[in-house]
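Subject: Structure handover

Hello,

Here is the structure for you to look at. Please open it first, then read my notes below.

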Amino acid sequence: MQANTTRGFLWSDVETRTLLNIWGEQDIQAALDGNFRNSFVYRDVSRRLGAMGFERTPEQCRVRIKSLKRQYLLAKEGNLRNNGQYHKICKFYDTMERILSNRPALDPQELIDGGAGGEEAVDGLEEDGEDAQDAYPGSTDECPYPAETEVKLEYPTVPIPIPVKVTVGNNSASVRAPNSSQSAGALPGRTPKRPRKRRANFPMEKLMEQFLEQSAQAEESFYRAEEQRLQAEDRRRDAEHARELHMLQMLGQMFSSISHARGGAAAKLAPSACAPVFSSASPSCARGQSSHLRQHPSQKGCLPQHMFERYYNLGSTSQRGMDDDIASLVRSIVPPLTSKKHKGQDGRIGIIGGCQDYTGAPYFAAISALKVGADLSHVFCTKDAATVIKSYSPELIVHPVLDSPNAVEEIEKWLPRLHSLVVGPGLGREESLLKTAKEVIEKSKVRDIPVIVDADGLWLVTQQPSVIQGYQKGILTPNFMEFTRLYEALHHEPMDSGDRQRSVMQLSAAMGNITLVLKGEQDLITDGSRVISCSTEGSGRRCGGQGDLLSGSMGLLAHWAHAASAAGKLKSVNPSLVAAFGACSLTRQCNSQAFQRHGRSTTTSDMIHEIGSAFKKLFES
């Protein structure tokens, strides 16, 4: 699941209108009016835009809104001087007029003719705190079009029928009158009246069109340059990562040769004696920086812990070799299919989610668990979503109890029959539903069953981290935006996007070493002590519902992994790590196979059809 980290900066008309519809909502405008810094408001705008299929960062949304305001003000000023016909040059003039009509009235003429007053007027619209001069270029020293020239004409106090010819230029005016010397001689002592003002008639509409065109071209050039800079930064990080990988491989080979050279003494050591003793895992270790090591006296031939950990995580011979090693652990937890089993023995999975707006997500999660190998899938949803979800598939057991007054009691009586729980797909953010989900998670922790939290369930964790903090059978599956929001909520500082491995380890440690999966170009899986990277090839197709396929299959694999661990099949390995790696590999393989068949038209339903063959290829061949 590759993340598009270098998304283009150009906006389509559909995308811009969607942005304006979100930005113009009453709650967004009220939030902008009531805050000095509005970074969180634009994050919410970006999130809502992403929910409609347009992935934009909060900064891109803020810059686009700022550009639209500038165009609107220029067009409105043109309306004042051109009898209301000037708004045709601003494509979204009517939409902006509708949104801003409820705000304090502005006089666009004052924005151009006034000095400080123009700046104050613009500042009224720039609620996110930028300088008013950025909002409208007319308030700066450099004006993009010629200013109007006022021509002063002097007339004598006594009317004299002398024709006057006036020549008006850009910055000067000359007055020529025939026999002017005679007229001056005739009235030697007269004091002229105060000059009358006249305005030159410039083609303002044409100048304004040129200015808007140049402004759009400059903005487009800036975005292109910024995109090139981001691409160059990505290439630099990739090259740095490759150099680090090469260095670690060389060090691993060096330590391996030293260990083999010592021969018999090392061979006689017990496996536990050769295991390195770790110092406390720290962010500096995760980044490959220097740290103090502690080793047992009998371990002089063994690889140091932090070196072994990085060497293993990045690949002793290759990344594919590491994936194969962990895939073999996933194969070991898959229960065999025999005729001696009864219904429900291989897995009964519960999905908490599904409301009037979101009915597809809980279906995708539940049907994916069935396709992977679960015997029964239960969906606990709201009453108005139940009929819709039932119509998708007769294989699902649907309980319309999530919005009932006694929802917790209704769900709790089913918990003894469930092997794992997936919370979040299609849950929504209504306060009552989130409260119910929180209480169900608490009841599940008491019963010690695996809990996978995804989608809107992660919004609940961001607001109340203690609901899942420290629960070792819990797994969080955030995408990059959800991860950033959760990281900032716990650490109260921006995340270092340049070192995501360090960031995921820090967040997992802050959550009590809970297993965490950061979905992206390479899925990063950690339990706070080590980071596993799943690099199974997927595709560039990013359709909605893939995360639900991941969470549903992970719910079943988590049950299998913890059951295998209890039976002694998994030793000294975190079962949640194995389950998370298996689900990530399976989702990526389904994506790849579906994309080979359907290309750009691939949907999550196409991926679900590939679960059987992908599972067989990965874990049964």
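Start with one term: buried means under 20% relative accessible area, exposed means over 50%, and partly exposed is in between (1.4 Å probe, protein chains only). This is a predicted model, where local features need pLDDT of at least 70, side-chain atom pairs count only at pLDDT 80 or more, and totals for chains, interfaces and linings use all residues. Residues are numbered from 1 along each chain as its sequence is written, and side-chain values use heavy atoms, with hydrogens and water left out.

Now G426. It counts as buried because its relative accessibility is 7%. G426 sits in the loop between β8 (420-423) and α19 (431-447). Helices (H or I, at least four residues) and strands (E, at least two) are DSSP runs, numbered from the N terminus. Contact means heavy atoms within 4.5 Å. Leaving out neighbours within four places in sequence, G426 contacts G353, G354, C355, Y358, A361 and P362.

Next, E482. Helix α21 (residues 480-491) holds E482. E482 is buried, because its relative accessibility is 14%. Residues up to four places away in sequence aside, E482 touches A455, L458 and T477.

The unreviewed UniProt entry has a "binding site" annotation, and among the residues it covers are G426 and E482. UniProt positions follow the numbering used here, feature names are shortened, and annotations may be inferred rather than shown by experiment.

Last, T95. Look for T95 in helix α5 (residues 93-100). T95 is buried, with a relative accessible area of 14%. Beyond its neighbours within four places in sequence, T95 is in contact with R17 and L20.

Best wishes
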